Amino acid sequence: METEVKKKNEMWEWSKALLIAFGLAAIIRFFLFTPIVVDGESMMPTLEHGDRMIVNKIGYSVGEPDRFDIIVFHAPEQKDYIKRIIGLPGDHIAYEDDQLYINGEAVEEPYLDIYKQGITGTLTEDFVLEDVTEGQSTIPEGSIFVMGDNRRASKDSRHIGLVSTDEVIGDTNFVFWPLAEAGIVK
C-alpha cells in the first residue's frame, strides 16, 4: 500500500514538472522568442534559404523599430516575411543609380557591398516613395518601409506597400542553424 502511494505521488510530481516545462516553453515561444526558417533568397547574401533564426519579440512590443534592423512581420499573403527596415515614419525614400537617399541625403548600405561586386548593372532599380505608395511623400506614423537585401528577387514594400508596425513580430539577427553559419548577422 505504501509503495502504491509513493508511485502515485511520484507520477503526480512528474506530471506537474512536465506541465510546468510545457507552460514555460509556450510562454517563451509566444511572448519572448520564437524560431523561424528563412524561406527563399530575398535576403541573400545576408541570409541564405533554410537558415534558422531566433526572432526576438521583446523589443518590438515596447519600442520603436530602428533603421536597418532585420525584422519578421505578417505579410498580406498570410505568410511571415523577413526583410530589412529601410524607412521609418517621417522619411522620404528614393533610389537613384543604386544609391539610397533618405530625406534627400545619401545613406550607405554596407551590407550590400559584397552583393554589388558580383553583379552587372544595378542591384536596386530607381524609384521614389511616391511611386510605390500611391503618392505619399513620407512614411506615415505606424508604418515602415522594408526591403530585402537581394533587391532583384525580393517582394517587399516596393510591391506590398508600407508595413504597419502592428504587423511586426520582432527583430532577428541570430542564425542558429546551420552551425557553420551560426552567429549574429548585420
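A salt bridge here is a side-chain nitrogen of Lys or Arg within 4 Å of a carboxyl oxygen of Asp or Glu. Keep that in mind for the exercises below, and keep in mind too that the model is predicted.

**Exercise 1. Salt bridges across the chain**

Task: Find how many salt bridges the whole structure has, then work out which parts of the chain Arg 67 and Asp 91 tie together.

Solution:
- Step 1. Searching the whole structure turns up five salt bridges.
- Step 2. One of them pairs Arg 67 with Asp 91, and their closest N and O atoms are 2.6 Å apart.
- Step 3. Now place the two ends. Arg 67 is in the loop between helix 2 (58–62) and strand 3 (70–75), while Asp 91 is in the loop between strand 4 (79–87) and strand 5 (93–96), so the bridge ties together parts 24 residues apart in sequence.
- Step 4. Check the cover on each end. Arg 67 has 27% relative accessibility, so call it partly exposed; Asp 91 has a relative accessible area of 6%, so that end is buried.

**Exercise 2. Two more bridges, buried or exposed?**

Task: Take the pairs Glu 109–Arg 151 and Asp 156–Arg 158, and decide from the relative accessibility whether each residue is buried or exposed.

Solution:
- Step 1. Glu 109 and Arg 151 meet through their side chains, at 2.9 Å from N to O. This pair links distant parts of the chain, 42 residues apart: Glu 109 is in the loop between strand 7 (105–107) and helix 3 (113–117), and Arg 151 in the loop between strand 9 (143–147) and helix 5 (157–160).
- Step 2. The cut-off you need is 20%: anything under that relative accessible area is buried. Glu 109 comes in at 5%, so it's buried, and Arg 151, at 3%, is buried too.
- Step 3. Asp 156 and Arg 158 form a salt bridge at 2.8 Å, N to O. Asp 156 is buried because its relative accessibility is 0%; Arg 158, at 17%, also counts as buried.

**Exercise 3. The surroundings of Ser 154**

Task: Say where Ser 154 is and which residues it touches.

Solution:
- Step 1. Look in the loop between strand 9 and helix 5; that's the place of Ser 154.
- Step 2. Its relative accessibility is 5%, so Ser 154 is buried.
- Step 3. Leave out residues up to four places away in sequence, and the contacts of Ser 154 are Ser 42, Lys 83, Met 147, Gly 148 and His 159.

**Exercise 4. Rings and charges**

Task: Describe how Phe 73 and Tyr 81 pair, then find the charges that sit over Tyr 81 and Tyr 111.

Solution:
- Step 1. The whole structure holds four aromatic pairs. In one of them, Phe 73 and Tyr 81 are 5.9 Å apart, centre to centre, with 75 degrees between the planes, an edge-to-face pair.
- Step 2. Phe 73 is buried at 1% relative accessible area, and Tyr 81 is buried at 12%.
- Step 3. Tyr 81 also has Lys 83 over its face, 5.2 Å from the ring centre. Over at Tyr 111, the charged end of Arg 84 sits above the ring, 3.6 Å from its centre.
- Step 4. Elsewhere, ring pairs join Tyr 95, Phe 127 and Phe 145 into a cluster.

**Exercise 5. A nonpolar patch**

Task: Name the residues of the nonpolar surface patch and the strand that gives the most to it.

Solution:
- Step 1. The patch is made of Phe 174, Phe 176, Trp 177 and Ile 184, together showing about 400 Å² of accessible area.
- Step 2. Strand 11 (residues 168–177) gives the most, with three residues.
- Step 3. Phe 174 is in strand 11 and, at 36% relative accessibility, is partly exposed.

Conventions:
Residues are numbered from 1 along each chain as its sequence is written. This is a predicted model: local features need pLDDT of at least 70, side-chain atom pairs count only at pLDDT 80 or more; totals for chains, interfaces and linings use all residues. Side-chain values use heavy atoms; hydrogens and water are left out. Patches are made of residues with over 30% relative accessible area and no salt bridge: like charges are joined within 9 Å, nonpolar side chains (Val, Leu, Ile, Met, Phe, Trp, Tyr) within 5 Å. Accessible areas come from the Shrake-Rupley method with a 1.4 Å probe; for residues, only the protein chains shown count as cover. Helices (H or I, at least four residues) and strands (E, at least two) are DSSP runs, numbered from the N terminus. Buried means under 20% relative accessible area, exposed over 50%, partly exposed in between (1.4 Å probe, protein chains only). Contact means heavy atoms within 4.5 Å. Rings of Phe, Tyr and Trp (its six-membered ring) pair if their centres lie within 6.5 Å; planes under 30 degrees apart count as stacked, over 60 as edge-to-face and the rest as tilted. A charge sits over a ring if NZ of Lys or CZ of Arg is within 6 Å of the ring centre and within 35 degrees of the ring normal.
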